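Please open the structure in a viewer and keep the selection tool at hand.

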Amino acid sequence: MALLDIENLAVSYGPVAALRGVTLAVEEGRITTILGANGAGKSTLLRAALGAVAPRAGTIRFAGADVTRLPVHKRVAAGLSLVPEGRRILITMTIEENLLLGAHLRPDQGAVRAEMAAIYDRFPNLASRRHMAAACLSGGEQQMLAIGRAMLARPRLLMLDEPSLGLSPLFVERLFGLIAELNRGGLSMLLVEQNTGLALGVAHHAVVLELGRVVMQGDPAVLARDPRLQEAYLGESAEPAPQPIPAA
Amino acid sequence: MTAYQTGLLVILALNVLGAFAVYLPLSAGQLNLGIAGFMAVGAYAAAWLGNEQGWGATAAIAAGGGAAALVACAVAVPILRTHGIYLALATFALGQVITAVFLNLEPVGAAAGYPVTEHIGPAAVLLTTLGVAALVLLLSCTRFALCLTAIRSDAVVADLMGMPVRALKVAAFTLGAAIAGLSGGLYALHYNYVEAQHFGVMLSTYTVLYVLLGGTRSVWGPILGAAFFTLIPELLRASAGWRYAIFALLVILFMAWRPAGLLTGGLRLPWRRRAAEETP
């Protein structure tokens, strides 16, 4: 059974339908990417999966349980975690506090400390400024902090909303290296990304949304060569990344 | 210690409690401008239970805190649907309504005021305040306090991260009201007289100012603010009629000098090593 199973999901903002009859499955241990133009409903899909917006119709099953009516905090406790668009780290709070808040539902303080130490080892820039306000970090470092914070919730499914937005090419490379590495460690991911070439390069399964509907899904390598996708969403940069980017 | 000094210390203690009552919801971003209303609930509840039901001082004061918490919990759901300036307005109106109710409530003396038979000495007030201060300090080291700060910084993200934002806001609001009720109960039984007029707009405003002037980012801010507002006017007593003018000038200067409050970071405690010293 799929880890996340969304069936006939419909979400409306007032009279505007954001998602209509979306059905998709995220398999355990794989990266699923959601592609589509602005306003296609990608972010809404992630928010609905997390429970931040209520669906008008449809069911959401996570790890075999129906979570359609559960509030966000119960879904986070069940293993869903979102890195929101624009990172949204708490810039007035310290880096350490941001990380601690990621683990706010966990009782195992010892393990949390160990995982925080691992994050600090991996990102020395976070470590050296751990007691400073997170506003002092660059955009790329803030993204690493946002992912670290989400990881500290010990997710079974990590959802990333436009993680490469506004990052320098160097950090985009590091970011996708990190995504591939986390996935090799067994983490399942749902990735919404504007950079379709990179997303198709790293993903195992791709879903294309258009005006709130699923219009195509399948093997990323096949989709990347699909002329319809190239015309509609990818434009000139249709080529998938020639090979997965090595870990940074 | 002279009677004057003891009296001043009691006022300081009650003001510190009031400041904590404002500080707790404010740490989650809620400005409660009706804190005097919750103090009134505590004061009248403790007074009435002592007078009419024969409750002992401790039980009556604790019940005063409980009564204020109950009122807060009941109104929290509609009131916390509002945000920012509207929440401040709603709490302001609530404080006014509560005071008006007591002003017209015959069983507790209405406008004539309500004498209280049970009495507690200054030591009881001071010890209770110390106890509450210790509790608030302990609370400030917990995840609960961290989550409240997160809600103040960005409530949307707090929700996305799986914090039960609504429940945490209600808890902070109720806890603040409970402390306000406690301080009301202590006030009633120490001075043996309550009148609704005492719990007016000025009391709420001053209490909020203690926190804003002292600093909203650490537990020491409200303590410092309350001490400043209580002690400085006393120290300026020698200047007779000018003391409030000088005091107001000092407040303006402090706000200009430290707009985020006197205390912005944590206190530099000698036994706690600072961040910068920990990392090489």
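How many residues does the contact take from chain A, and how many from chain B? Chain A supplies 21 residues and chain B supplies 16 residues. Please bear in mind throughout that this is a predicted model.

**First stop: the contact between the chains**

Select α2 (72-78) and α3 (95-102) of chain A, the elements that give two or more residues to the side of chain A that touches chain B. By class, this side of chain A consists of 13 nonpolar, 6 polar and 2 charged residues.

Next, select helix α6 of chain B, residues 143-153. Which residues of this helix are buried? They are B:C147, B:L148, B:A150, B:I151 and B:R152. The buried residues of α6(B) pack against elements of both chains: α3 of chain A, and α1 (3-27), α7 (155-160) and α8 (165-191) of chain B.

**Second stop: the helices of chain B**

Remain with chain B and colour the stretches that its unreviewed UniProt entry annotates as "transmembrane region". According to that record, these are residues 6-24, 31-49, 55-77, 84-103, 123-146, 167-189, 209-232 and 244-263. Two of these spans may be inspected in turn. Residues 167-189 of chain B are 100% helix and 0% strand, and the C-alpha atoms at the ends of the span lie 33 Å apart. Residues 244-263 of chain B are 70% helix and 0% strand, with 23 Å between the end C-alpha atoms.

Now display helix α5 of chain B (residues 122-140) together with α8(B). The axes of these helices come within 11 Å and cross at roughly 170 degrees. An angle over 145 degrees counts as roughly antiparallel, and α5(B) and α8(B) are therefore roughly antiparallel to each other. To view their contact, show the side chains of B:V125, B:T128 and B:V132 in α5(B), which meet B:I179, B:L182, B:L186 and B:H190 in α8(B). This contact has 5 nonpolar, 2 polar and no charged residues.

Return to chain A, which has 10 helices and 10 strands. The C-alpha trace of chain A spans about 50 × 40 × 35 Å along its principal axes. A compact globule of 248 residues would have a radius of gyration near 18 Å, and the value for chain A, 18 Å, agrees with this. Of the 248 residues of chain A, 44% count as buried. Among the contacts in chain A with a separation of 6 or more, 70% join residues 24 or more positions apart.

Select A:V214, found in strand β10 (residues 213-218) of chain A. Is A:V214 buried or exposed? A:V214 counts as buried because it has 22 C-beta neighbours inside 10 Å. Leaving aside residues up to four places away in sequence, A:V214 touches A:V22, A:T23, A:L24, A:V207 and A:L209.

Proceed to A:N8, in strand β1 (residues 4-13) of chain A. The phi angle of A:N8 is near 50 degrees, a positive value in a residue other than glycine. A:N8 is partly exposed, with 13 other C-beta atoms within 10 Å.

Finally, select A:L211, in the loop between β9 (205-210) and β10 of chain A. Phi of A:L211 is near 45 degrees, again positive in a residue other than glycine. A:L211 has 14 other C-beta atoms within 10 Å and is partly exposed.

Definitions and conventions:
Residues are numbered from 1 along each chain as its sequence is written. Chains are lettered from A and ligands numbered from 1 in the order in which they are written. This is a predicted model: local features need pLDDT of at least 70, side-chain atom pairs count only at pLDDT 80 or more; totals for chains, interfaces and linings use all residues. Two residues are in contact if their C-beta atoms, placed from the backbone, lie within 7 Å. Helices (H or I, at least four residues) and strands (E, at least two) are DSSP runs, numbered from the N terminus. Ala, Val, Leu, Ile, Met, Phe, Trp, Tyr, Cys and Pro count as nonpolar, Asp, Glu, Lys and Arg as charged, and the others, Gly among them, as polar. A residue is buried if 20 or more other C-beta atoms lie within 10 Å of its own, exposed if 12 or fewer, and partly exposed in between; C-beta atoms are placed from the backbone. The radius of gyration is taken over C-alpha atoms; the globule rule is 2.2 Å times the number of residues to the power 0.38. UniProt positions are given in the numbering used here, feature names are shortened, and annotations may be inferred rather than shown by experiment. Axes are lines fitted to C-alpha atoms, for helices over the stretch in contact, and angles run from 0 to 180 degrees between N-to-C directions. Angles under 35 degrees count as roughly parallel, over 145 as roughly antiparallel, 65 to 115 as roughly perpendicular and the rest as oblique.
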